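Work through the exercises below with the sequence and the model in view. Each task is followed by a solution in steps.

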Amino acid sequence: LEDVAPDNQDVVDRLREAGVEELERRGTDPAIIAWLRSDGEGEYPTDCKFWDRCPAPAGYGPCFTRAYGKD
């Protein structure tokens, strides 16, 4: 129940990078990968392909913007 991330930043960084590498391995658009690697700096790349059935349906909001975006 305690947030141990601040005391284990190396573990947090490794897990985050592993997640980004897995997204890249699965063919995620390079613009999204670049945005994730920048720690969500700048605007989320909305002109990228999320999956084979792009464009996304109306009202779709990528979870990356909430998980990694800067407020």
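Asp39 is found in the loop between α2 and α3, where helices are DSSP runs of H or I with at least four residues, strands are DSSP runs of E with at least two, and both are numbered from the N terminus. The model is predicted, so local features need pLDDT of at least 70 and side-chain atom pairs count only at pLDDT 80 or more, while totals for chains, interfaces and linings use all residues. Residues are numbered from 1 along each chain as its sequence is written, and side-chain values use heavy atoms, with hydrogens and water left out.

**Exercise 1. Which salt bridges does Glu22 make with Arg25 and Arg26? Give the distances.**

Step 1. Take Arg25. Its side chain meets that of Glu22 at 2.6 Å, N to O.

Step 2. Take Arg26. Its side chain also forms a salt bridge with Glu22, at 2.6 Å from N to O.

Step 3. Compare each residue with the cut-offs. Arg26 is exposed, at 63%, and Arg25 is exposed as well, at 60%. Glu22, with 28%, is partly exposed.

Step 4. The structure holds 6 salt bridges.

**Exercise 2. How do the axes of α1 and α2 cross, and which residues make the contact?**

Step 1. Two packed helices are described by the angle between their axes and the distance between the axes. Axes are lines fitted to C-alpha atoms, for helices over the stretch in contact, and angles run from 0 to 180 degrees between N-to-C directions.

Step 2. Read the values. The axes of α1 and α2 come within 10 Å and cross at roughly 170°. That makes the two helices roughly antiparallel, the word for angles over 145 degrees, with under 35 being roughly parallel, 65 to 115 roughly perpendicular and the rest oblique.

Step 3. List the residues in contact, which means heavy atoms within 4.5 Å. Helix α1 supplies Arg16, Glu17, Val20, Glu21, Leu23 and Glu24, and helix α2 supplies Ile33, Leu36 and Arg37.

Step 4. Sort them by class. The contact has 4 nonpolar, no polar and 5 charged residues. Ala, Val, Leu, Ile, Met, Phe, Trp, Tyr, Cys and Pro count as nonpolar, Asp, Glu, Lys and Arg as charged, and the others, Gly among them, as polar.

Step 5. Check one pair across the contact. Glu21 and Arg37 are 16 residues apart in sequence, and their C-alpha atoms are 9.9 Å apart in space. Glu21 is partly exposed, with 45% relative accessibility.

**Exercise 3. Are Thr28 and Asp29 buried or exposed, and what do their side chains reach?**

Step 1. Locate the residues. Thr28 lies in the loop between α1 and α2, and Asp29 is in the loop between α1 and α2 too.

Step 2. Apply the cut-off. Thr28 is buried, at 17%, and Asp29 is buried, at 18%.

Step 3. Find the polar atoms. The side chain of Thr28 reaches the backbone oxygen of Leu23 at 2.7 Å. A polar atom of the Asp29 side chain lies 2.8 Å from the backbone nitrogen of Ala31.

Step 4. Thr28 is in contact with Leu23 and Ile33, while Asp29 touches Cys48 and Lys49.

Notes: Salt bridge = Lys/Arg side-chain N within 4 Å of Asp/Glu carboxyl O. Buried < 20%, exposed > 50% of the residue type's maximum accessible area, 1.4 Å probe, protein only. Polar contact = N/O pair within 3.5 Å; in protein donor to acceptor, adjacent residues only side chain to side chain. Lists of a residue's contacts leave out its neighbours within four places in sequence.
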